[in-house]
Amino acid sequence: MKLPKPDPDALAYSAALKRRIGDEIESAGGWIGFDRFMELALYAPGMGYYSGGARKFGASGDFVTAPEISSAFSRTLAAQAVQILALSAPQMIEVGAGSGRLAADLLLELERRVALPERYGILDLSGELRERQRATIGQRAAHLLERVNWLDRLPERFDGLVLANEVLDAMPVHLVRWGNEFEDLENPAIFERGVGWKNDEFVWSDRPAEVRVLERAKALGIEHPPAPGYLSEIGLASTDWTAAWGSILGKGALLLIDYGFPRHEYYHWQRDAGTLMCHYRHHAHGEPFYLPGLQDITAHVDFTAIVESGFAAGLDLLGYTTQATFLLNCGLTEILARTPAEDYLNYLPQAQAAQKLISPAEMGELFKVIALGKGIDEKLIGFAQGDRSATL
């Protein structure tokens, strides 16, 4: 695939991060796990993809998220937010708020529903994104900006709603390969695929998996061991992050929206090359070494692992379903009906955007919504129909 060529300044920016990662590999003895490579490529202070200044979201960025596609996404999501806030406490935290579009549109809809949270915290470590979020909210909902505050870390205690849209997929993952080095096809050896540094270039390098990765791989509960050469991901960072909320959340819910599968689908024998994917200028490809700092690197979410980590930390599973089912349960069609169909110049673009959000061929089936929480006994409206919790 031929990818767009960056300008000289962007190339220099990427080269500096490449050298920074190369130096770390050399300091570590010639090898780092892919999880560390991914962490540096995305989050190295002032240099990583999410901590630098490159435009990431929207038509001029690398990808488009649901809140950017249509404000109907955020306005529909508000229905679920209203219920959770009423059942817990009138405060919210959005993790990884992107351009700020979701926060702005969600706050406006909550105002319309007379259900504004007293505080809307945004947890985003990127200074560039914080400024963009502030500008977006100031432009779209200036009178509500005073309710928004930016956080530097997870709170010690929290009651209310925690919202994360397309956050888990950008957390670092370990790459794991099942091999035949021990010539035991019933119990294949398990290796961790990491990154080496040779002739000023990144190279793949496999080593026997370290204890925690090995234990997780063996505990996956896959019915049949993967065939030798099978490659996939294990997301320890996302499960650790989820578990951390067990000691933070008093009464409330985590509402997590992302693309992924339950474990039996994630580690299907036909998905033998994993789910790792990179995004650059609206092109998706599978080369994570390409232009570090200028492209996004993601992996699909193992939602079974998310639930297991939540359970172990004391969180309850409140619901799990597809994005399409969740949005329809929360009243997407009613949101669209606010614009008369006769006003086709306004209605038609909204209907087309909504179709992308719920179509099985677009985002409707691949994207899932999962809720974990404490102290909430009432069925959440987003999962009233079509709850797939039994499949996890």
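**Buried and bridged residues in a predicted protein model**

At 8% relative accessibility, Arg263 counts as buried (buried is under 20% relative accessible area, exposed over 50%, and partly exposed in between, with a 1.4 Å probe and protein chains only). Arg263 also forms a salt bridge with Glu308, and their closest N and O atoms are 3.0 Å apart (a salt bridge is a side-chain nitrogen of Lys or Arg within 4 Å of a carboxyl oxygen of Asp or Glu). Glu308 sits in helix H10 (residues 303-312) and Arg263 in helix H9 (residues 263-266), so the pair ties together parts that are 45 residues apart in sequence. Glu308 itself is partly exposed, at a relative accessible area of 41%.

The model is predicted, so to speak of local features takes a pLDDT of at least 70, side-chain atom pairs count only at pLDDT 80 or more, and totals for chains, interfaces and linings use all residues. Residues are numbered from 1 along each chain as its sequence is written, and side-chain values use heavy atoms, with hydrogens and water left out.

Now for the overall picture. The protein has 13 helices and 16 strands (DSSP runs numbered from the N terminus: helices are H or I with at least four residues, strands are E with at least two). Its radius of gyration is 21 Å, close to the 21 Å that the globule rule gives for 392 residues, so the protein is as compact as a globular protein of that length (the radius is taken over C-alpha atoms, and the rule is 2.2 Å times the number of residues to the power 0.38). Along the principal axes, the C-alpha atoms fill a box of roughly 65 × 50 × 45 Å. Of the 392 residues, 55% are buried. Among contacts with a separation of 6 or more, 77% are between residues 24 or more positions apart (contact means heavy atoms within 4.5 Å).

Salt bridges number 19 in the structure. One of them joins Arg19 to Asp200, with the closest N and O atoms 3.4 Å apart. Arg19 belongs to helix H1 (residues 8-27) and Asp200 to the loop between S7 and S8, so this pair ties together parts 181 residues apart in sequence. Both ends get some solvent: Arg19 is partly exposed at 33%, and Asp200 is partly exposed at 45%. Salt bridges that share partners join Arg19, Asp23, Glu26 and Asp200 into one network. Most residues other than glycine have a negative phi.

Another salt bridge pairs Asp105 with Arg140 (2.9 Å, N to O). It links helix H5 (residues 101-112) with helix H6 (residues 127-140), the two residues being 35 apart. Asp105 is buried at 4%, whereas Arg140 is partly exposed at 35%.

Arg75, in helix H4 (residues 71-87), touches Asp105 too, along with others including Glu109 and Arg338. Arg75 is buried yet has no salt bridge, and the nearest side chain of opposite charge, Glu109, is 5.0 Å away. Gln323, in helix H11 (residues 323-329), is buried as well, with a relative accessible area of 1%. Its contacts beyond four places in sequence include Phe73, Ile257 and Phe367.

Methods. Lys, Arg positive; Asp, Glu negative; His and termini not counted.
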